[in-house]
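User: I would like to learn how to read a model of this kind, one feature at a time. Where do we start?

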Amino acid sequence: MRILTIVLAAMLVVGTGATAGAQVVPGATVEERAVNGAKAYLQKHNLKNVEQTILLSSLYRNSFPDFSERWEKLTGVTIKIVPLGYTDIPAKIMAEAVAKTGEFDMFNDFPYTAPDAAGAGVLIPLDPYAARGKPDFSGVAPGLSHQQYYQGKLYTFVLDGDHLILVLRQDLIDNPQVKAEYRAKFKKDPGCPATMEEWERQAEFFHTKPGQSRWGMTFDKGLYGAMGYRSVNFSYRHFPAYFGGLLFDKDMNPRIATPQGVKAIKQFASIVKYMPPDIQGWGTPQIYPFWASGQAYSVMSFPSVVGFANSNEKSVIKAKQLACLVPQTDAGGKLVRRSPQAAGTGYMVSKYSKHPELAYWFVQWLTGPTVGDEAIAHPKGFWDPFRESNLKNAAIRQRFGEQFLATTMENSKYATSLLMLEGNYEYFNVLDKHLADVMNGNATAEEAAKRIEAGWNKVTNDVGRARQVQTWRQGVESGIYLDKFE
Amino acid sequence: MADAHAPTRTAAVPAPTRPPRRIAAWLAQERVFRLVPFVLVEGLFLLLLAIPFGLTVYISLLKWRASRPFEQAHFEGLGNYADVLADAEFWWALGRTFYFAAVAVSLELLIGFVLAMLVARTVRGTRVYTTVFLVPMMVVPVVVGYNFSMIYVDSGPLNQLVAPVAALLGFDPRIRWLSHPIAAQWAIILADVWQWTSLTFLIFLSGFSALPRPLVNAARVMGASPWQIFWRVQLPLLKPVIVIAVVVRSMEALKIFDQSVLLTFGGPGNSTQTVAFYLWRQVWQFNKFSFGAAASMLLLVIFAALIYAGIYLLVRQRSVALAEGRG
């Protein structure tokens with residue numbers, strides 16, 4: 001009995017200690033706890049007029065200040081913005097990893113930056129703060145929520161459902177003459193394609209040369225059957241939708257030089273003939289306005305393309321868009337739907353920040369369910385819906401439209417992460433380079449698949465196979481890629 | 001106690017002025033003073049060149065990716081150099097850079113020379129022409145990249161301009177300037193030519209301005225045709241200037257980076273990736289710092305050999321000119 005009492009007392013002491021170490025900050029909501037946490041930190045360290053700096057994707061320079069100013073009113077902490085193009089941010093973060101200047105407190109970038117940045121030690125794991133702040137990741141699909149972790153540690157708070165979506169021209173689909181011709185040819189009404197093959201057949205059907213008259217309309221500038229990202233630095237973001245599975249086996253052997261891989265490469269390249277000729281040189285600044293100009297029938301893109309085409313002044317397709325789930329692909333004999341999280345704005349805290357905890361509280365506040373929803377509803381923002389609560393938010397419903405919102409949320413169930421591995425940008429570049437060779441007719445899909453396999457193996461060996469295998473297995477088991485090892 | 005210390009404090013005031021005087025006197029000595037420039041130059045050399053160079057060599061001998069803490073780096077020997085030399089992409093990027101430089105510099109020399117010759121012969125408006133032709137050189141490369149990306153758009157002004165010619169030759173008039181591997185290479189070359197012809201123009205114009213008029217007049221009096229005057233008198237006199245233009249522009253063109261990044265980001269695929277962009281990518285995108293250091297050391301050797309050849313040409317031209325009494 002005495003021994004039992006001692007054991008119980010010891011357990012109580014240990015338990016109390018553990019609770020004290022991670023004492024939850026008071027507050028009924030995620031945002032309240034963040035504000036209270038920040039205030040308590042300021043008070044504890046007797047800090048006033050604190051300024052923190054965020055390296056921000058320049059896409060958000062017009063919307064982010066609305067939130068940083070609110071944070072300042074709530075806590076007195078000023079957030080200084082350093083905007084930069086999102087393609088340049090990873091290099092800037094790695095430069096900070098080497099220089100250790102402490103110039104930045106927070107980084108705003110895709111979760112894909114985390115593996116290299118965390119390895120370099122420039123990011124701080126946020127778990128100890130999260131234990132006290134109790135952020136809420138409920139209602140976020142696994143492919144998106146698990147992206148916030150790398151090697152089991154929380155590094156990024158994601159506030160963006162950038163999983164790909166397919167958008168069609170509703171006005172064309174509803175056209176009675178189109179319907180009649182389409183039905184005569186395919187024995188069904190036009191609409192969201194079930195598979196990649198069907199999307200390509202639709203692209204072929206709708207593809208119209210400049211000056212051609214069809215369905216009672218004249219297409220002076222032509223109508224491209226499809227659009228998608230095919231340039232270097234973008235192709236890799238789309239390819240998993242065509243591949244539909246894990247790119248490596250459990251030992252990090254590439255699965256690309258397989259019938260499934262070769263078919264995916266062929267499909268990825270084949271539909272390019274229905275896209276604008278310059279598509280291999282285009283990024284978002286070109287694709288969004290072109291889509292809004294009404295010169296294409298369909299586009300596979302980040303979801304914000306719908307909001308852009310509905311709100312852009314020059315858009316001729318306002319309220320003429322039909323959002324669809326990403327079509328399914330044949331992955332080794334079974335149809336699967338995979339919607340890659342192609343970008344996804346996230347927030348990370350620098351290890352070299354003078355006040356990393358304070359930076360954390362801002363990140364928790366901004367990405368919380370309430371403020372996060374307000375950000376997604378912001379008319380000048382590029383944050384896309386990704387959380388179940390978005391469906392019930394009136395402002396978000398008004399901004400994005402019911403049909404789009406329901407579709408993108410359904411799509412999020414199929415959201416899958418790109419590679420969350422050290423050296424991932426090198427893996428991506430190998431894929432991009434050889435996909436371009438196939439699209440330009442400089443290599444066959446089979447040749448490209450073998451070269452990609454060799455290139456990926458080279459990267460894996462260079463980084464360290466054992467380490468990569470461990471991280472890869474950990475990622476797969478977490479559910480980040482949706483698929484599991486066979 | 002406080003009063004006792006006061007005089008000591010007052011007496012100590014002039015003390016700080018003594019060391020500078022001593023230093024000044026020491027510096028004023030002839031044997032020391034003549035060493036000052038040497039020490040300053042050597043100091044700057046150490047700080048700006050030798051230390052970074054030494055660090056680069058050191059890093060190139062390590063195995064280190066910036067995605068790991070530096071403490072985890074280990075000695076690799078010449079492994080990185082072997083990896084660079086075995087990397088086909090390095091050689092492709094290098095070859096592509098030489099190709100860009102050769103074509104772009106040739107065009108820049110030709111156009112710059114013709115423009116300078118025409119402006120040198122112009123009686124009125126020389127200053128206006130000179131100013132106008134120099135503008136591209138002064139434009140920020142980012143602006144050049146942005147403007148050209150607009151010009152090269154599929155339905156953009158350049159395609160509209162070349163459409164009739166392309167149709168005559170049986171080509172598709174909608175040239176994919178930024179997305180076709182070959183066209184994209186030419187897009188970069190043309191943007192470079194537009195910006196840097198100004199420099200060759202300026203060099204040649206100064207050359208034409210410095211030509212001795214009596215020699216040209218004498219040739220004219222002796223009945224030489226304009227073509228003979230140009231070919232036999234002016235061109236030989238301009239040879240040193242031409243060599244300067246070739247060397248200066250070639251050295252710059254081999255570092256081509258801006259257009260490759262701004263117009264195509266090295267794409268489609270890696271078809272417009274120059275060696276400078278390759279290096280940037282290896283270091284800042286792939287975080288392969290030691291590999292990048294080794295690649296940059298190898299490039300240094302290659303470019304140093306070229307610079308040496310260029311300087312040798314310049315010196316030889318100068319020697320020939322002096323021997324011929326033109327120097």
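User: Which residues of H12(A) are buried?

Analyst: An α-helix has 3.6 residues a turn, so residues three or four places apart point the same way. In H12(A) the buried residues are Gln260(A), Gly261(A), Lys263(A), Ala264(A), Ile265(A), Gln267(A), Phe268(A) and Ala269(A). They pack against several elements of chain A, among them helix H10 (196–206), helix H11 (235–243) and strand S12 (329–331).

User: How should I read a sheet?

Analyst: Strands of a sheet pair through backbone hydrogen bonds, either parallel or antiparallel. In chain A, three strands in the order S10-S7-S11 form an open sheet with antiparallel pairing. S10 (298–301) and S11 (321–324) of chain A are the edge strands, each pairing on one side only. From one strand to the next, the twist averages 25 degrees.

User: How many bridges join S7 to S11 in chain A, and what packs on the sheet?

Analyst: Four bridges join S7(A), residues 165–169, to S11(A). Val167(A) has Ala323(A) as its bridge partner in S11(A). Helix H18 (402–412) of chain A packs on the sheet and touches S7 and S11 of chain A. The direction of H18(A) makes about 20 degrees with that of S11(A).

User: Where in chain A does pLDDT stay under 50?

Analyst: Where pLDDT is low, the predicted coordinates should not be read in detail. Here that concerns residues 11–20 of chain A, where pLDDT stays under 50. Chain A averages a pLDDT of 93.

Conventions:
Residues numbered from 1 in each chain as written. Chains lettered and ligands numbered in written order. Predicted model: local features only at pLDDT ≥ 70, side-chain atom pairs only at ≥ 80, totals over all residues. pLDDT = per-residue confidence, 0-100. Contact = placed C-beta atoms within 7 Å. Buried ≥ 20, exposed ≤ 12 C-beta atoms within 10 Å, placed from the backbone. Helix = DSSP H or I, 4+ residues; strand = E, 2+ residues; numbered from the N terminus. Pairing = 2+ DSSP bridges. Axes fitted to C-alpha atoms, helices over the stretch in contact; angles between N-to-C directions.
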